[in-house]
Amino acid sequence: MAESVAPPEFDPRCPSSDMPVQIGGKWTGMVVRCLQSGPRRFTELREPLRGVTPKVLTETLRAMERDGLVTRTVHDENPPRVEYALTPLGRSLVPLIDAARAWSEEHLPDLLRARETYEP
């Protein structure tokens with residue numbers, strides 16, 4: 001089983017939606033982070049991603065599957081068990097997300113300050 005994803009990594013105060021670099025939708029990068037240590041079930045993804053609704057998470061996972069970033073595996077059990085895992089293409093996003101996160105940690109305060117003072 002994959003190691004647990006610490007919910008504090010996705011603190012609701014995190015200004016990730018303000019980040020100038022986004023890969024896919026708002027939640028895609030966070031889903032990649034959740035799956036980088038191994039496959040997870042839908043409910044295991046919802047736990048650390050507290051701000052996402054089931055509908056939006058479903059839409060995000062479907063878009064990621066369509067784009068070849070994740071695989072969806074249905075296990076023939078009762079009840080059925082579905083797991084999501086990163087593909088090699090999805091895994092290739094990890095260094096980009098890490099770089100964007102590092103950039104954001106260093107520069108986001110300046111970016112937000114610039115937005116506050118911007119007058120069109």
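The side chains of Arg81 and Glu83 meet in a salt bridge, with N and O 3.0 Å apart; a salt bridge is here a side-chain nitrogen of Lys or Arg within 4 Å of a carboxyl oxygen of Asp or Glu. Both Arg81 and Glu83 are buried, a class defined by under 20% relative accessible area, with exposed set at over 50% and partly exposed in between (1.4 Å probe, protein chains only). Salt bridges with shared partners join Glu77, Arg81 and Glu83 into one network.

The structure is a predicted model, in which local features need pLDDT of at least 70 and side-chain atom pairs count only at pLDDT 80 or more, while totals for chains, interfaces and linings use all residues. Residues are numbered from 1 along each chain as its sequence is written, and side-chain values use heavy atoms, without hydrogens and water.

A search of the whole structure finds seven salt bridges. One of them links Asp67 and Arg66 at 2.9 Å, N to O. Asp67 is partly exposed because its relative accessibility is 41%, whereas Arg66, at 63%, counts as exposed.

Among the helices, which are DSSP runs (H or I, at least four residues) numbered from the N terminus, H5 covers residues 94-117. The buried residues in H5 are Val94, Ile97, Ala100, Ser104, Leu108 and Leu111. These buried residues pack against helix H1 (28-35) and helix H4 (88-91), contact being defined as heavy atoms within 4.5 Å.

Methods: Helices (H or I, at least four residues) and strands (E, at least two) are DSSP runs, numbered from the N terminus. The expected span of a helix is 1.5 Å times one less than its number of residues.
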